[in-house]
Amino acid sequence: MALEALQADHEFLLKGGVFTKEMLDAYIELKTEDVRRLNTTTHPVEFDMYYSL
């Protein structure tokens, strides 16, 4: 949700030239991939509960 909010409203971060739109877009893309990977990976507890004998 934080990445969605950042993508929807980041104009305030562009003021003063500290961040660029390209930098923020790249950051959002990078972190979105991290979130996707985390959400699609089996947690060790799930592995223990469902896959161990």
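Contact here means heavy atoms within 4.5 Å. This is a predicted model, where local features need pLDDT of at least 70, side-chain atom pairs count only at pLDDT 80 or more, and totals for chains, interfaces and linings use all residues. Residues are numbered from 1 along each chain as its sequence is written, and side-chain values use heavy atoms, with hydrogens and water left out.

Start with L24. Leaving out residues up to four places away in sequence, L24 touches H10, L13, L14 and F19. L24 sits in helix α3. Helices are DSSP runs (H or I, at least four residues), numbered from the N terminus. L24 has a relative accessible area of 4%, so this residue is buried. The classes are buried under 20% relative accessible area, exposed over 50%, and partly exposed in between, with a 1.4 Å probe and protein chains only. Follow the chain from L24 to V35. The two are eleven residues apart in sequence, and their C-alpha atoms are 16 Å apart in space.

Now take H10, one of the residues that L24 touches. H10 lies in the loop between α1 (2-8) and α2 (11-14). Is H10 buried or exposed? Its relative accessibility is 5%, so H10 counts as buried. The side chain of H10 reaches back to the backbone oxygen of L6, at 3.0 Å. That falls under polar contacts: pairs of N or O atoms within 3.5 Å, where within protein one must be able to donate a hydrogen and the other to accept it, and residues adjacent in sequence count only if both atoms are side-chain atoms. Beyond its neighbours within four places in sequence, H10 is in contact with K21, L24 and D25. H10 and D25 are 15 residues apart in sequence, and 9.9 Å separates their C-alpha atoms.

How many salt bridges does the structure hold? There are three. The term requires a side-chain nitrogen of Lys or Arg within 4 Å of a carboxyl oxygen of Asp or Glu.

K21 and D25 form one of them, at 3.2 Å from N to O. Both residues lie in helix α3 (residues 21-39), four residues apart, about one turn of the helix. K21 has 43% relative accessibility, so K21 counts as partly exposed. D25, at 31%, is partly exposed too.

D34 and K31 form another salt bridge, at 3.4 Å from N to O. They also lie in helix α3, three residues apart, about one turn of the helix. D34 has a relative accessible area of 38% and is partly exposed. K31 counts as partly exposed at 28% relative accessibility.

E33 and R36 make a further bridge, with N and O 2.6 Å apart. Why does about one helical turn separate E33 and R36? Because they are three residues apart in helix α3. E33 is partly exposed, with a relative accessible area of 39%. R36 is partly exposed as well, at 43%.

Helix α3 also holds M23. M23 has a relative accessible area of 37%, so M23 is partly exposed.

Next come the aromatic rings. The structure holds one aromatic pair. The rings of F47 and Y51 have their centres 5.6 Å apart and their planes at 40 degrees, so the pair is tilted. Rings of Phe, Tyr and Trp (its six-membered ring) pair if their centres lie within 6.5 Å; planes under 30 degrees apart count as stacked, over 60 as edge-to-face, and the rest as tilted. F47 is found in helix α4 (residues 44-50). Y51 has 54% relative accessibility, so Y51 counts as exposed.

F47 and Y51 also belong to a nonpolar surface patch, together with V45, M49 and Y50. The accessible area of this patch is about 610 Å². Patches are made of residues with over 30% relative accessible area and no salt bridge; like charges are joined within 9 Å, and nonpolar side chains (Val, Leu, Ile, Met, Phe, Trp, Tyr) within 5 Å. Accessible areas come from the Shrake-Rupley method with a 1.4 Å probe; for residues, only the protein chains shown count as cover.

Note on methods. Helices (H or I, at least four residues) and strands (E, at least two) are DSSP runs, numbered from the N terminus.
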